[in-house]
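Here are a few friendly notes to read alongside the model. Have the sequence and the coordinates open as you go through them.

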Amino acid sequence: MATLEIYWSFRSPYSYLAVDRLIAIRRDFEIEIDFRPVRPLALREPDYFEKARPQFLTYLISDVRREAERLRIPVSPPDPDPVRMDMATGVVDAEQPNMHRLMALGLAACSMDKGLDFAAAVAKRIWTGVAGWYGDEHLAAAATDASVSFDALQAWADGNEDAIAKTIARNEAAQLVHHWGVPLMVLDGEPFFGQDRINALIWRLDGLGLRRD
C-alpha cells in the first residue's frame, strides 16, 4: 500500500486551509497516512522572521485571505497567536507554552491514530479566531470532534515527554529531506509542498489507480 507522509504545523494558516482536503484524500484513496506534526518555522529557525523581507508578512496575510475566500473556508486571525513573538521585530520568545502543549497533545493523538482529526479540529478553532483556543474547554471540545478522549490525550502527553521530544526531532529531520515548509505531503518519496499542490497530489494518486471504488 502507498504511504502518504503529511508534515503539518498548528501555526500554519496554509496547513489549516489544506486539512479538510487531506482528510478527504484519506477517505477517498487506498493509502496509509503517516501524519507528522512539526513545530512552526519560527521555532525551528528562530531568526527566520528577523531576516524576512518586510513584504513577507503583508503578502502572507493577503494571500491567506484570498485563498480562504477562493476555497470558501472561514479564516480569522488567531486569538492568540500559537507562537509568542514580536511581530514588528520578528524576535521569538524563549518560552512557548501553547505550542509546547499543542505538539504534545498532537503527538498523543497520533499515538491513537487520531492525529489528523485532532489537528483539524484544533486548527478550526485557532484559525477562525476563537478566543482562548488553548484552554482546556476548547481543546477538550476539539478532542470530542476528533472522537478521542481529551483526558487520555493529556495523560499520554504527561507520561511521554522524552518520546515527544524524540518524535518531534525525527519528524523535522525527515521533513528536511524534502522541503522546509508546510503543509508538505510526501507520497512514497515524492514531495508535494503547499496547499496549492493538493490537486497535483490527487492527480498522482489517480494516476496510480489508488482511488477507492
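In which helix is Ile61 found? Ile61 is found in helix 4 (residues 55-71), where helices (H or I, at least four residues) and strands (E, at least two) are DSSP runs numbered from the N terminus.

1. Ground rules. This is a predicted model, in which local features need pLDDT of at least 70, side-chain atom pairs count only at pLDDT 80 or more, and totals for chains, interfaces and linings use all residues. Residues are numbered from 1 along each chain as its sequence is written, and side-chain values use heavy atoms, with hydrogens and water left out.

2. The surface patch. Ile61 counts as partly exposed because its relative accessibility is 37%; buried means under 20% relative accessible area, exposed over 50%, and partly exposed in between (1.4 Å probe, protein chains only). Together with Leu57 and Met87, Ile61 forms a nonpolar patch on the surface, with about 230 Å² of accessible area in total.

3. Four strands make an open sheet in the order 2-1-3-4, with mixed pairing. From one strand to the next, the twist averages 20°. Two strands pair if DSSP finds at least two bridges between them.

4. Strand 3 and its partners. Strand 3 (residues 184-187) sends Leu184 and Val186 one way and Met185 and Leu187 the other, and all are buried. In a regular strand the side chains alternate between the two faces of the sheet. Strand 1 (residues 2-8) pairs with strand 3 in the antiparallel sense over 4 bridges; Met185 is the bridge partner of Ile6, and Glu5 stands opposite Val186.

5. The hairpin. Strand 3 also pairs in the antiparallel sense with strand 4 (residues 190-193), over 4 bridges, and Leu187 stands opposite Glu190. These two strands form a hairpin with 2 residues between them, and Asp188 in the turn has a positive phi of about 45°. Gly189 is found in the loop between strand 3 and strand 4; Gly189 counts as partly exposed because its relative accessibility is 45%.

6. Across the model. How far apart are the C-alpha atoms of Gly189 and Met87? They are separated by 35 Å, with the two residues 102 residues apart along the chain.

Definitions and conventions: Axes are lines fitted to C-alpha atoms, for helices over the stretch in contact, and angles run from 0 to 180 degrees between N-to-C directions. Patches are made of residues with over 30% relative accessible area and no salt bridge: like charges are joined within 9 Å, nonpolar side chains (Val, Leu, Ile, Met, Phe, Trp, Tyr) within 5 Å. Accessible areas come from the Shrake-Rupley method with a 1.4 Å probe; for residues, only the protein chains shown count as cover. A salt bridge is a side-chain nitrogen of Lys or Arg within 4 Å of a carboxyl oxygen of Asp or Glu.
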